[in-house]
Amino acid sequence: MDDYEFDLRGFLIIRNALSPDEVAAMNEAYDRFPDLDNGEWYGNAQRRDYTKDTGFELHNVLDCGDPAFDVLIDHPSWIHHVSRYAGEQGTYVQGIMIDESIATSRGSGGHHPVHSGGHDASIRTQYAYRNGAFRCGQVNVLVSLRDVGPGDGATMVVPGSHKSNFMHPLAGDYARGDRMDALPFAIEAHTKAGDALVFVDACMHGAGTRMNEGDRRIVILRYGPPWARSRFGYTISDQLLERLTPERRRIMQPMPPLYTGDPRVPVDLHSTYQFLTEDAVDGGVSTTS
Ligand SMILES: O=C(O)CCC(=O)C(=O)O
C-alpha cells in the first residue's frame with residue numbers, strides 16, 4: 001500500500017513515526033537553540049532562512065552538537081522507505097545518504113512558496129520507477145514536532161505532480177514569495193506531533209500561510225543516492241562522526257571516491273560498498289557483477 005500510494009501521489013504520511021519521548025527530546029533540543037541571526041552558526045549548523053517568510057531555519061541541524069537529533073538519521077519508521085525509494089537498490093551504487101537536515105520554526109504569517117515538479121526532470125528532482133525499482137533523485141522526510149492542522153501553515157503538496165510533464169500554470173514566482181494557499185490541486189498535509197511526511201522532491205511542494213499564533217516545528221531530512229553532495233558545502237564535524245554508529249556514519253558521510261583506489265580512503269569504508277572487489281580497494285577498477 002505504501003508503494004502504491006507513494007507512486008500514485010508522490011507522498012505518504014507515516015503516523016506516529018516518532019515516539020512521544022523522541023518528540024519531547026527534540027522539542028527540548030529546539031528550546032536550547034540560541035537566538036541566531038541569519039547566517040550565524042550553532043555548532044556546525046547554520047541559520048539560513050530560505051526566504052524572508054520561511055522563518056527560522058537551522059541548516060545542518062544534525063550536526064548542531066545536540067545528540068537529540070541523531071535518532072532521525074536512520075529511524076526505523078522511514079529508513080526502509082527512503083532506502084527503497086532513493087537508495088539505488090540493486091545497483092553498484094546502492095546506499096543512501098542525507099545531504100541536508102533542517103530544523104524549521106515558523107510563526108504567524110510565514111509560508112514557503114511552491115517549488116519543484118516532475119517537469120524539471122533534473123536527476124536530483126527525478127521520479128522514476130524502472131524495471132521493478134524506484135529511482136528517486138531525492139526523498140524528503142518532514143517530521144512534525146507539534147501538531148499541524150488547519151491554519152498552522154501545513155506543508156502542501158500537489159498530489160501526482162511528480163509525474164507531471166508541465167509546469168503548474170499558476171505556480172507563481174518563488175523568488176517573489178508568491179503564496180501557494182489557493183493553488184489549484186494543492187492540498188495541505190495535516191500531521192500530529194511525531195508523524196512523518198515522506199515525499200519525492202519531484203512532487204510540487206511548499207507550505208501554506210500560518211494563520212494561527214505560535215510556531216510550527218518541523219525537522220526536514222533530505223535523503224538521496226550516496227553520490228549526492230550538499231549544495232551548501234557543509235562538512236561533517238569529527239565530533240558528529242565520532243559519536244555515530246557505523247550505520248549512521250555511512251548515511252552521513254559522502255561516498256568515498258570510487259575507482260580511484262585513493263589511499264586516503266580507509267579500507268573499511270570501501271568494504272561497505274559490496275560491489276567493490278579487493279582489486280578496486282588496491283587501485284583497480286573491477287566491480288562484482
Ligand atoms: O516548510 C515546509 O513545510 C515545506 C518545506 C519545503 O518546501 C522544502 O523543504 O523544500
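Met 97 stands opposite Gly 224 in strand S14. The two strands involved are S5 and S14 (residues 216–224), which pair in the antiparallel sense over 9 bridges. Pairing here requires that DSSP finds at least two bridges between two strands. Strands (E, at least two residues) and helices (H or I, at least four) are DSSP runs, numbered from the N terminus.

This is a predicted model: local features need pLDDT of at least 70, side-chain atom pairs count only at pLDDT 80 or more, and totals for chains, interfaces and linings use all residues. Residues are numbered from 1 along each chain as its sequence is written, and side-chain values use heavy atoms, with hydrogens and water left out.

**The eight-stranded sheet**

S5 belongs to an open sheet of 8 strands with antiparallel pairing, in the order S1-S12-S9-S14-S5-S4-S3-S2. Strand S1 (11–14) and strand S2 (41–42) stand at the edges; each has a single partner strand, so one side of each is left without a neighbour in the sheet.

Buried means under 20% relative accessible area, exposed means over 50%, and partly exposed lies in between (1.4 Å probe, protein chains only).

| Strand pair | Sense | Bridges |
|---|---|---|
| S5 and S14 | antiparallel | 9 |
| S4 and S5 | antiparallel | 4 |
| S3 and S4 | antiparallel | 2 |
| S10 and S11 | antiparallel | 2 |

Arg 47 stands opposite Leu 58 in S4. The bridge partner of His 59 in S5 is Ile 102.

His 59 lies in strand S4. With 1% relative accessibility, His 59 counts as buried. Contact means heavy atoms within 4.5 Å. Leaving aside neighbours within four places in sequence, His 59 is in contact with residues including Ala 45, Gln 46, Glu 100, Ile 102, Phe 232 and Tyr 234.

**The four-stranded sheet**

A further open sheet has 4 strands in the order S6-S13-S10-S11, with antiparallel pairing. Its edge strands are S6 (112–115) and S11 (187–188), each pairing on one side only. S10 covers residues 155–157. Within S11, Ile 187 is the bridge partner of Val 157.

**Nonpolar cores**

In soluble globular proteins, nonpolar side chains tend to be buried together. A nonpolar core is a set of buried Ala, Val, Leu, Ile, Met, Phe, Trp, Tyr and Cys residues joined through side-chain atoms within 4.5 Å. The largest such core holds 58 residues, of which Phe 6, Phe 33, Leu 58, Phe 69, Leu 72, Trp 78 and Tyr 223 touch the most other members. A second, separate core of 8 residues includes Val 114, Met 156, Met 180 and Ala 186.

Leu 58 has contacts, beyond four places in sequence, that include Phe 33, Leu 36, Tyr 42, Cys 64, Ile 102 and Ala 103.

**The ligand site**

The ligand is surrounded by Arg 106, His 112, His 115, Thr 155, His 205, Gly 206, Ala 207, Arg 216, Ile 220 and Arg 222. Each of these residues has a heavy atom within 4 Å of the ligand.

On its own the ligand has 290 Å² of accessible area, and the protein covers 99% of it. These areas come from the Shrake-Rupley method with a 1.4 Å probe; for residues, only the protein chains shown count as cover.

His 75 is found in the loop between strand S4 (56–59) and helix H3 (79–86). His 75 is buried, with a relative accessible area of 4%. Beyond four places in sequence, His 75 touches Ala 17, Leu 18 and Glu 22.

Ser 83 sits in helix H3. It counts as buried at 18% relative accessibility. Its side chain reaches the backbone oxygen of Ile 79 at 2.8 Å. Not counting residues up to four places away, Ser 83 touches Gln 89 and Ile 96. Ser 83 and Phe 134 are 51 residues apart in sequence, yet 9.5 Å apart in space, C-alpha to C-alpha.

Notes. A polar contact is a pair of N or O atoms within 3.5 Å; within protein, one must be able to donate a hydrogen and the other to accept it, and residues adjacent in sequence count only if both atoms are side-chain atoms.
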